[in-house]
Amino acid sequence: MPDTIYRNALFFDGTGASPTRTDIAVSAGRISAIGHMLVADSHTTEIACDGMWLMPGLLDIHTHLDLELELDPALPEVVRHGTTTVVIGNCSIGVTYGNQRRAGEDPIVDCFARVENMPKAVLSTVADACDWTDSQSYLDHLSSLNLGPNVVPLIPHSMLRIEVMGLRDSISRRPTRRERARMERLVDAGMAQGYAGFSTDALPFHFLANDPHKKRKIPTQYASFRELRQLTGVVRRYGRVWQATPPKDDIVDAVRSFLLTSGRLFGRPLKTTVLAAIDLQTNRAAVSMCLMLSAMLNSRLLGGMFRFQVLAASFRIWSDGAINPIADEIPQLRALNELELDDRAGRARILNDPEWIAGFREMWLKGKSGWTPDRLRRLLRQEETVLTRSLADMKVAECPLANWQGESLLAPYERLLRWQHTKGRQGAASAAEAAFFATFPDPVRDDATFLLHLLRQWDTDLRWETTFANRDPARLKKLLFNPQTLPGFNDSGAHLANIAFYDGNLRFLKIAQPDGPEKVALAIHRLTGLPADFFNLNAGRLRVGAQADLCVIDPEALRRWNPEETYEFVHRSEFGCRQVINRPTGVVRHVMIAGLHVWTDGRYAPGFGTTRHGRVMRASDHPLEHQQACAMAGRMASDGAAIT
């Protein structure tokens, strides 16, 4: 008899097919029956799902949960959002080869601290525990953890280069032929062990965090096209996935690199997924160029298998003073970001340096006045940078003046201008604000002077947020359903006090919901069966015999949820710092992983976090995956479950 029966659910199987009202039975960790009026006995747990959606557990294909797995392997924020399978080792960084501490180098701290905005103390603690030295030992280690969701690892290129060359050499010279050959052997070993793919990175604002390397980018960015072709050739041969990010400021280099997906040019298509197609506020043409490039690469002429990843949310970031996840894009802000977060004196020296001030003013005011090509590009939203450089886009989250909180910085700037124009008679909202206005240069001249003064006075005590991409809901919806894209750029586990959209999958379901169940079925397919097929995983579909990874969604709670109003900051003791979260109340009613209950009506199941639920999930063509399927099928048969 079944262990669990979900009764009368609106069932979405993950294929995109129309939903049906039915019961789902689970036995020995697998789906054992799908039908009406399924028979239970006294030992069967029955869950009423009237009015609920039941679907495969959701996949999160772009995470940086590698570090969090070492601190809290249950990944509670992931599971409570209905996600049951996560891909780790993205953007070329991870812990696949252990801590790699040699010759005084500390690669985990160096690579993660700025790229993923994580506290160095947390990273150092994780690195202390990473005592394995190769990719097989890492799989063994992951298998020993009390995992919450299933974990799908990639081989990260930066760590691969460090393993072969050492950190210093990996960013200062080309590899020898022998070193390239060793990298190739290590990638081949990873693919043979079942890794789902290989990750690289080319975003120009990903820098190392420790001296003496703070002005150098992470190792993957120093690889030649020859090296990239050699290593992705191994991935192609195994039919695995290449995860990449584009050199956003060099379209020629981007096209040349991504032509590696072509089956026509290289004999067999290379599955390639790239971060990301987002609708930038500063450059509205960027997303159209992404889709055009993807269509070209997937054309019959080139025969590629190429998908841009899409974030199912407005892209909001928080800045502590001038420090935020994209600050390294701009040299003047990068100089501030190179310092430790608590080095206020160091930032003060920079903020008062005349040469730096001139450079900042030139950057900040570029294209804001006159009739110049830069002005035209700004008006047409064709700028090169991601940063918006507009006070109207900068909403105050925290600062020493309480009345500023919730306002854009444009509002106090305009009050300051009025206060100065009227010689202090009008403009200030309070005596405290008037006293602060008195500290500004008079006249303030422009918004660059205004912002510089705020940074000098408040430094990181000024916390502001901005939405720099995906502001247009209609355009975002088209992106999410575009056949050239894969939803799932959530960055879960990264940027602890910033983005990390654990709720991204649920946002996509909410976007699809108004168009009815057929559209919801397509959205679910794009969050489950489609990415599972792309990454070659035994996941993403619910059929008899499949591993019972599933979630139950309350559509009414989903309809009521406003994602932009449920952000909050919580202190995570595992990290020793606060983390931004977005927890939709009541939306996810039940989550099951491998037949085990992990989340029910707002509570984690007994034993969650102290027992293993998920597993290391290898590519589905790997022998261990086949053995896993056969073993579970055997257990179902011995328990009397009917497999059809």
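A contact here means heavy atoms within 4.5 Å. Among contacts in the protein chain between residues at least 6 apart in sequence, 74% join residues at least 24 apart. Before going on, note that this is a predicted model, where local features need pLDDT of at least 70 and side-chain atom pairs count only at pLDDT 80 or more, while totals for chains, interfaces and linings use all residues. Residues are numbered from 1 along each chain as its sequence is written, and side-chain values use heavy atoms, with hydrogens and water left out.

The protein chain has 25 helices and 25 strands, which are DSSP runs numbered from the N terminus (helices: H or I, at least four residues; strands: E, at least two). Of its 644 residues, 61% count as buried, that is, under 20% relative accessible area with a 1.4 Å probe, protein chains only. The C-alpha atoms fill a box of roughly 85 × 60 × 50 Å along the principal axes.

| Helix 21 | 504–512 | Asn-505, Phe-508, Leu-509, Ala-512 |
| Helix 22 | 517–527 | Lys-519, Val-520, Ala-523, Ile-524, Arg-526, Leu-527 |

How do helix 21 and helix 22 pack, and at what angle? Their axes are 8 Å apart, at an angle of about 160°; angles run from 0 to 180 degrees between N-to-C directions, with axes fitted to C-alpha atoms over the stretch in contact. The two helices are therefore roughly antiparallel to each other, the word for angles over 145 degrees.

Definitions and conventions
Angles under 35 degrees count as roughly parallel, over 145 as roughly antiparallel, 65 to 115 as roughly perpendicular and the rest as oblique. Buried means under 20% relative accessible area, exposed over 50%, partly exposed in between (1.4 Å probe, protein chains only).
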